[in-house]
Amino acid sequence: MRIFSIIKYVFLIIGAALLTGAFFLYQNKSAFLEKAVSVQGTVIEMVAKRSDNSTTYSPVISFKTKSGQEITFSSSISSNPPSYSVNETVEVLYNPADPKEANINTFSSLWIGPLILGGIGIVFFLIGSLSILFGYLKKKKAANLRGSGKLISTKFTHVELNSSLSANGRNPFQIYSQWQDPQTNELYVFKSENIWFDPTDFVKTDTLKVFIDPQNPKNYTMDTSFLPILKN
């Protein structure tokens with residue numbers, strides 16, 4: 001199904017964009033810290049921020065710059081229970097060229113943005129990149145088995161829905177076959193890759209070709225080249 005091929009690249013692009021954003025946030029904070037001046041400020045108010053399920057509280061800080069200018073700013077960090085109380089003294093860092101650019105001097109106030117953005121970006125990037133890598137390795141494994149594996153004739157048994165995978169409310173099909181190793185008398189069950197249409201009517205024979213690793217028949221790929229190509 002083409003949606004899976006698209007989604008993994010979407011995840012990769014989103015992850016890369018988020019990581020880029022996290023990097024620029026980190027750079028901005030680092031540049032701010034290089035020029036920031038430290039003063040004492042006072043919490044003058046706790047502002048309630050309500051959402052559907054909870055209420056959090058953000059401190060409003062007042063401080064005076066080295067030149068005596070009085071500045072008030074609201075922290076972008078809110079919490080419940082409140083992290084501060086009214087009249088509490090806090091350390092403030094501000095940009096002397098633009099005193100309204102100010103932060104409470106705590107790890108969360110300074111770095112929570114880059115950390116959250118970077119953390120989400122890593123998750124998206126890993127999902128996308130690992131999905132692409134897994135698909136590539138899977139295709140390479142199948143190609144290697146077709147080139148150097150042992151071709152065996154297996155008995156078609158049935159077609160079954162793969163209920164462990166779903167997309168847009170649909171489950172893919174898998175073709176099952178079995179083969180008994182004449183040397184060991186062991187019975188092996190094989191299944192095809194996921195097929196996003198019912199292949200039952202296209203299985204015209206009782207035997208199916210499977211390429212196996214002679215040293216490990218559990219490493220295999222089923223030949224489904226007889227199936228039509230799904231275009232949507």
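Among contacts in the chain (heavy atoms within 4.5 Å) between residues at least 6 apart in sequence, 58% join residues at least 24 apart. The structure is a predicted model, in which local features need pLDDT of at least 70, side-chain atom pairs count only at pLDDT 80 or more, and totals for chains, interfaces and linings use all residues. Residues are numbered from 1 along each chain as its sequence is written, and side-chain values use heavy atoms, with hydrogens and water left out.

The secondary structure consists of two helices and 10 strands; helices (H or I, at least four residues) and strands (E, at least two) are DSSP runs, numbered from the N terminus. Along the sequence these elements follow the pattern α-β-β-β-β-β-α-β-β-β-β-β. The chain has a radius of gyration of 30 Å, well over the 17 Å that the globule rule gives for 232 residues, so it is more spread out than a compact globule. Here the radius is taken over C-alpha atoms, and the rule is 2.2 Å times the number of residues to the power 0.38. Taken along the principal axes, the box filled by the C-alpha atoms is roughly 90 × 35 × 35 Å.

Of the 232 residues, 31% count as buried, that is, under 20% relative accessible area with a 1.4 Å probe, protein chains only. The accessible surface of the chain comes to about 14700 Å², of which 56% belongs to carbon and sulfur atoms; the areas come from the Shrake-Rupley method with a 1.4 Å probe.

We turn now to the sheet. Five strands form an open sheet in the order β8-β7-β6-β9-β10, with antiparallel pairing; two strands pair if DSSP finds at least two bridges between them. Its edge strands, β8 (187-191) and β10 (216-222), each pair on one side only. Neighbouring strands of this sheet are turned by 45° against each other on average, direction ignored. Such angles run from 0 to 180 degrees between N-to-C directions, with axes as lines fitted to C-alpha atoms, for helices over the stretch in contact.

Within the sheet, β6 (residues 150-161) and β7 (residues 173-180) run antiparallel and are joined by six bridges. In this pairing, L161 stands opposite F173 in β7. Helix α2 (residues 107-148) packs on the sheet and touches β6, β9 (207-213) and β10, its direction making about 105° with that of β10.

β9 and β10 are connected by a hairpin through two residues. Four bridges pair these strands in the antiparallel sense, and I212 has Y220 in β10 as its bridge partner.

Terms used:
Buried < 20%, exposed > 50% of the residue type's maximum accessible area, 1.4 Å probe, protein only.
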